Amino acid sequence: MKNRLKVLRAERDLSQAGLGEKLDVSRQTVNALETGRYDPSLPLAFKIARLFGLTIEEIFQDGDNNEKDL
Amino acid sequence: MTQKTAYQRYMRLFVPAMLFYVVSILGISLAKRHEIFPDPVFYGLAIIPAIAMLIWIWGHMRYITELDEYLRGLQVRAVLIGMAGVMAFATVWGLMEEMTDIVRIPIFYVVPGFYLIYGITHSVLMKREGSCS
């Protein structure tokens, strides 16, 4: 799953540790999210979306576009 | 709770429990060497280090639940790899002890063996995280 976390963080001039503090997660977790090595749980995804004032879909994009299959 | 606070809470329990574990094992070994107690007493004394170990494992479980979801996953992976390593070694070595004249390793070494593999695995996983920024 791709995401815009790094861009959104940079726009707000936040460090990984700073963003982690706001989300109550570690710097390593922010790093893993930004590099796409870890997909967040739904509660964490909502937390991230609320923090940036965006929807989950505006931050995270599924690699496979399955919308046409639904 | 922050990750740092969780780690500090864990270490506050782990360090004294580990020290108690080491001291109790050394004490029991010395007592046995000098035949201070009759043999049946050692059945009871052998439980003491296990209690210390159960205390720090409880602390470890609490620590894992207090971590964020990603670090929790890394911890679980490290614990599973530690368990897998020890169980695989115990299986192979145990069978060799039964079938050959290979040197016998006391079962007591399961705990340090597990923590050795777990510690190395966790360090590698965390180092990889640190170098990926």
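Begin by selecting Gln28(A), Thr29(A), Val30(A), Asn31(A), Ala32(A), Leu33(A) and Glu34(A), which are the buried residues of H3(A), where buried means under 20% relative accessible area with a 1.4 Å probe and protein chains only, and helices are DSSP runs of H or I with at least four residues, numbered from the N terminus. This is a predicted model, in which local features need pLDDT of at least 70 and side-chain atom pairs count only at pLDDT 80 or more, while totals for chains, interfaces and linings use all residues. Residues are numbered from 1 along each chain as its sequence is written, chains are lettered from A and ligands numbered from 1 in the order in which they are written, and side-chain values use heavy atoms, with hydrogens and water left out.

Now select the whole of H3, residues 27-34 of chain A: seven of its eight residues are buried, so the helix is largely enclosed by the rest of the structure. Just after H3(A), look for Gly36(A), which takes a positive phi of about 75 degrees.

Finally, move to chain B and colour domain 1 (1-67) and domain 2 (68-133) separately, bounds that come from an automatic or database domain assignment. Twelve residues of domain 1 of chain B are in contact with twelve residues of domain 2 of chain B, and the centres of these two domains, taken over C-alpha atoms, are separated by 19 Å.

Terms used: Buried means under 20% relative accessible area, exposed over 50%, partly exposed in between (1.4 Å probe, protein chains only). Helices (H or I, at least four residues) and strands (E, at least two) are DSSP runs, numbered from the N terminus. Contact means heavy atoms within 4.5 Å.
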